[in-house]
Amino acid sequence: MQGMTRRSALLTIASLTVALAAAQPARAQAIKVGELNSYKTFPAFLEPYKKGWELALEEINRSGGIGGRKLEVVSREDGGNPGDAVRAAEELLSRENVSLLMGTFASHIGLAVSNLAAQRKVVFVAAEPLTDKIVWENGNRYTFRIRPSTYTQVAMLVPDAAKLKKQRWAIVYPNYEYGQSATASFKKLLGKAQPGVQFVGEQAPALGKIDAGAVVQALADLKPDAIFSSLFGADLQKFVREGNLRGLFKDRPVFNLLAGEPEYLDPLKDETPDGWYVTGYPWNEIKTPAHQKFLAAYRAKWKDYPRLGSIVGYSTLYTVANALKRAGGADTEKVIAAMKGMEMETPIGPIVWRPIDNQSTMGAYVGRLAKKDGKGVMVNWRYADGALFLPSFEEVKAMRKE
Amino acid sequence: MTYSSILIQFLNGLASASSLFLVAAGLSLIFGVTRIVNFAHGSLYMLGMYVAVWLGERIGFWWSVPIAALAVGAFGALVESALLRRLYAAPELLQLLATFALVLVVKDFALWAWGPEDILGPRAPGFTGAVTIAGLQFPEYDLFLIGFGPLVLGALWLLLTRTRWGTLVRAATQDREMASALGVNQKWLFTGVFALGAFLAGLGGALQIPREPATLLIDLSVVSDAFVVVVVGGLGSIGGAFVAAFLIAEIKAFCIGLGLSQFTLVVEFVVMAVVLVIRPWGLFGRMPALARGAGAVEPPLVAPSPAALKALAALLAALALVPVVSGGYTLVLLTDILVFALFAVSLHFIMGPAGLHSFGHAAYFGLGAYGAGLLLLRAGAPMELALLLGPLAGGLGALVFGWFCVRLSGVYLAMLTLAFAQIAWSVVFQWDAFTGGSNGLVGIWPASWLASKAAYYYITLLTCAGGIALLWRMLYAPFGYALRAARDSPLRADAIGLDVRALQWAAFTLAGLAAGMAGALYAFSKGSISPESLSVPRSVDGLVMVLLGGIQTLTGPLWGAALFTWMQDAVARGIDYWRAVIGAVILVLVLAFPQGLTGFLRQRFAP
């Protein structure tokens with residue numbers, strides 16, 4: 001130590017103390033949650049989603065965290081493909097030592113991460129994937145999913161569809177699992193609700209590559225009485241514009257999954273088709289206290305209005321926080337036990353985590369589209385509680401292969 | 001279909017054909033003169049869309065179109081003069097790497113500048129409604145497009161045949177060294193052509209605004225369509241591009257009209273494969289003149305020195321020791337790097353020494369992965385057997401596709417490999433009952449004795465190092481020398497009794513088998529497999545790895561794979577605009593080391 005001056009020795013000791021002081025509480029207290037999503041592939045949905053969970057994180061920690069321990073979210077880009085997503089999840093688990101995982105958007109990525117969660121025996125709360133399989137055919141005890149799946153959202157639209165008593169239905173869907181399963185569920189459920197209904201034809205354009213003019217003409221050729229669609233994003237916008245121009249929607253009711261979500265509705269602006277039956281999120285009309293509170297906090301923090309993604313991100317992190325609180329820590333088995341049957345509030349209503357399939361009873365807003373001041377809005381909407389539309393105990397039992 | 005709906009579908013096809021032609025014409029011009037495979041052409045189109053929709057809100061749609069096109073043209077001129085011009089002497093395809101980096105940068109720029117939401121522009125003023133044709137509604141704007149495409153074709157034809165500049169462009173397309181020798185200023189010609197191509201891409205994008213929203217996902221989908229059109233029409237042939245655009249757009253429209261919409265997933269690639277198998281240079285293309293640039297002659301691949309071999313052995317030993325000192329994520333990342341190293345080396349095996357440029361190598365990677373996954377899940381084979389036999393699917397795929405591919409050369413060959421990869425992808429994507437469709441297969445885990453990270457790392461290290469060593473060894477066996485002879489001078493190779501096609505076919509199959517091995521290892525390391533493992537982006541990743549490391553070197557792909565995988569992992573974690581950062585890093589590397597990393601080191605430290 002001869003070469004060391006007094007000053008540098010003091011500095012070293014001081015900086016060590018500071019470092020220790022900074023590291024100590026974080027290491028002893030924070031509970032780490034790993035979050036991963038395709039932020040660059042689906043930014044329109046996921047930027048609001050991220051803002052949602054960031055708001056929740058701030059609120060949770062301001063009100064004391066998890067039993068006095070700070071909650072920390074380590075967020076990762078999953079690269080938009082399952083391979084990279086699994087690697088990101090491995091990194092979160094083994095390098096960041098997170099206690100559980102949450103997130104993902106696309107179905108195949110959600111399934112891949114859910115599969116990893118079962119292998120590594122950690123809890124995974126899937127945020128956005130809508131695939132039915134993640135809680136049913138491919139369900140496992142470590143995976144929980146918050147949003148109502150494709151099947152459930154279709155089931156919410158079917159009563160209105162059956163009421164119309166239309167004979168000939170044409171269907172258009174993006175050609176991948178989400179669209180395929182929406183179509184299959186719709187045919188099954190409407191066929192049950194309205195015996196004798198005819199499905200006169202289908203169009204399945206590749207995701208993001210719809211040739212809208214040709215598809216609209218082909219649908220018109222089928223002379224349907226009504227149309228069921230599960231298009232979204234750019235495909236939906238192209239379809240709506242061509243359909244409006246070519247008079248496809250004249251005197252024909254159209255049902256479109258997800259089209260009322262601000263992410264997909266707002267870009268339509270004055271092209272918004274009148275009277276479509278949709279599921280979505282009429283953020284500026286929901287007057288429940290829970291939602292008012294969320295809305296005010298969100299707008300104060302982000303100077304922007306929430307999208308559905310914001311609700312999903314916000315509620316997913318609250319799910320995680322509530323489960324950790326109930327479990328009294330991050331032990332996987334305790335968290336699983338805590339989540340079974342857990343009841344909680346979300347901005348859009350109370351939900352229950354079903355013990356049978358780890359699916360929450362979060363619902364969706366069902367309503368019709370209209371134009372107001374050159375913008376699309378949802379009118380005559382109601383909140384459809386997921387609990388009323390999820391498959392029954394026996395049906396789930398038959399599907400889950402655990 | 002009634003007669004009137006047949007007519008409408010025909011018109012729909014014409015309108016789409018016009019849009020397709022605008023992008024494809026620019027791409028074709030650029031390739032014809034500069035030999036650049038411009039991956040960023042779709043990004044230029046996307047820029048045209050965003051600029052037009054943004055300007056349109058301020059100055060009206062019709063003013064925004066020419067201004068957006070000019071702005072994109074100017075951007076093209078800038079890209080050519082500041083970036084690509086520095087790379088003409090570099091090995092072939094390096095410009096492709098540069099334009100790929102541009103794709104990443106432009107995409108993040110658009111996200112930053114215009115936000116994540118799709119922007120649907122207003123209808124075109126004056127063409128807001130529809131007209132009634134044969135009792136059916138048809139948009140007025142589509143009629144405008146139908147007329148506009150041929151107008152552009154005519155204008156280009158006049159420009160190319162009736163002006164001095166056009167004559168020079170045609171001369172350079174036919175033989176650019178000769179044109180240069182006759183005193184044509186290549187620099188200005190290349191910049192001009194690139195700017196014109198970019199202008200056409202921007203124009204094509206801007207004119208789509210009344211039909212579709214500006215979205216961040218449009219770039220790659222447009223560029224792949226444009227490539228198909230250009231190749232089907234024949235590279236460098238503007239008229240060919242027009243005919244091909246018409247053909248493909250009509251086939252698509254009638255697929256939809258006849259209720260075969262699922263088929264649109266792949267129809268253009270099927271058309272391209274059929275055309276290339278029957279006419280190896282496209283419908284109106286000619287056999288390309290051999291390039292005689294500085295980059296064309298590849299130096300012989302010297303055998304690694306004893307010192308280099310020792311260094312590689314030391315590296316292997318070091319890698320074998322990693323699990324002793326470090327566990328967890330380091331092993332996960334290294335497993336990925338090893339898998340991609342084998343993948344990149346197998347691609348380099350055919351791209352470098354065999355001279356067969358493949359844009360669809362992921363097909364064999366994915367087939368190997370699916371082979372292993374399907375054996376495990378559908379046939380109930382034990383994991384070890386699935387890992388061993390799965391790669392055969394990759395080899396088998398390469399055996400079948402390779403037979404067609406080795407009959408072609410250059411970019412046509414590359415595009416045929418791409419077409420086959422897309423066809424394989426679409427089968428996997430669509431065959432829900434067997435391959436799990438778009439979700440893929442889950443639950444593909446290693447057997448219990450390989451389940452720990454360290455054990456799986458060792459089996460990966462063993463397999464990948466063995467595979468790479470075997471591939472490298474083959475390059476210095478008579479087979480490897482014969483391959484290089486066949487690449488450098490097919491005629492002379494043939495004259496001394498080498499069966500060029502059989503050699504290349506064997507190499508292609510071997511590379512497919514090795515890629516399949518990488519794919520099978522990948523599947524078991526992730527526990528699941530999805531169609532993305534066969535998709536174009538995965539193929540492009542492979543290309544980037546090989547080019548980044550240096551295509552003319554032996555160990556380059558190794559370093560390229562390591563650097564690219566590590567970069568994706570490290571940069572994506574901490575930085576919001578990570579794509580732009582990766583793009584920028586690639587651009588810097590390309591400009592600083594046009595021979596690739598290894599090539600640079602070798603030049604620098606050569607004895």
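Analyst: Chain A averages a pLDDT of 90, and 93% of its residues score at least 70; pLDDT is the predictor's confidence in each residue, from 0 to 100. One stretch falls below 50: residues 9–28 of chain A. Beyond near neighbours in sequence, that stretch has one contact in the model, where a contact means two residues whose C-beta atoms, placed from the backbone, lie within 7 Å. For the model, ipTM is 0.90 and pTM is 0.90.

Some conventions come next. This is a predicted model, so local features need pLDDT of at least 70 and side-chain atom pairs count only at pLDDT 80 or more, while totals for chains, interfaces and linings use all residues. Residues are numbered from 1 along each chain as its sequence is written, and chains are lettered from A and ligands numbered from 1 in the order in which they are written.

Domains first. Chain A is assigned domain 1 (29–150 + 296–363) and domain 2 (151–285 + 365–388); the bounds come from an automatic or database domain assignment. Taken over C-alpha atoms, the centres of domain 1 and domain 2 of chain A are 28 Å apart. Where they meet, 21 residues of domain 1 of chain A contact 19 residues of domain 2 of chain A. On the domain 1 side, the elements giving two or more residues are α2, α11 and β12 (349–352) of chain A. Helices (H or I, at least four residues) and strands (E, at least two) are DSSP runs, numbered from the N terminus. α11(A) gives the most to that side, with three residues. By class, the domain 1 side has eleven nonpolar, eight polar and two charged residues. Ala, Val, Leu, Ile, Met, Phe, Trp, Tyr, Cys and Pro count as nonpolar, Asp, Glu, Lys and Arg as charged, and the others, Gly among them, as polar.

Now the sheets. Strands of a sheet pair through backbone hydrogen bonds, either parallel or antiparallel. One open sheet of chain A has five strands, in the order β2-β1-β3-β4-β5, with parallel pairing; two strands pair if DSSP finds at least two bridges between them. β2 and β5 (143–145) of chain A are the edge strands, each with a single partner, so one side of each is left without a neighbour in the sheet. Direction ignored, neighbouring strands of this sheet are turned by 25° against each other on average. Axes here are lines fitted to C-alpha atoms, for helices over the stretch in contact, and angles run from 0 to 180 degrees between N-to-C directions. α2(A) packs on this sheet and touches β1 (31–37) and β2 of chain A. The direction of α2(A) makes about 165° with that of β2(A).

Within it, β8 (226–229) and β9 (254–260) of chain A run parallel and are joined by three bridges. Ser229(A) has Asn256(A) in β9(A) as its bridge partner.

Back to α11(A). Helix α11 (308–327) packs against helix α12 (332–339) of chain A at about 110°, with their axes 8 Å apart. That makes α11(A) roughly perpendicular to α12(A); under 35 degrees counts as roughly parallel, over 145 as roughly antiparallel, 65 to 115 as roughly perpendicular and the rest as oblique. α11(A) brings Ala323(A), Leu324(A), Arg326(A) and Ala327(A) to the contact, and α12(A) brings Lys334(A), Val335(A), Ala338(A) and Met339(A). These residues divide into six nonpolar, no polar and two charged.

Last, the partner chain. The contact takes 55 residues from chain A and 55 from chain B. On the side of chain A that touches chain B, the elements giving two or more residues are α2 (43–62), β2 (71–77), α3 (82–94), α4 (107–120), β7, α7 (212–221) and α8 (233–245) of chain A. That side has 18 nonpolar, 19 polar and 18 charged residues.
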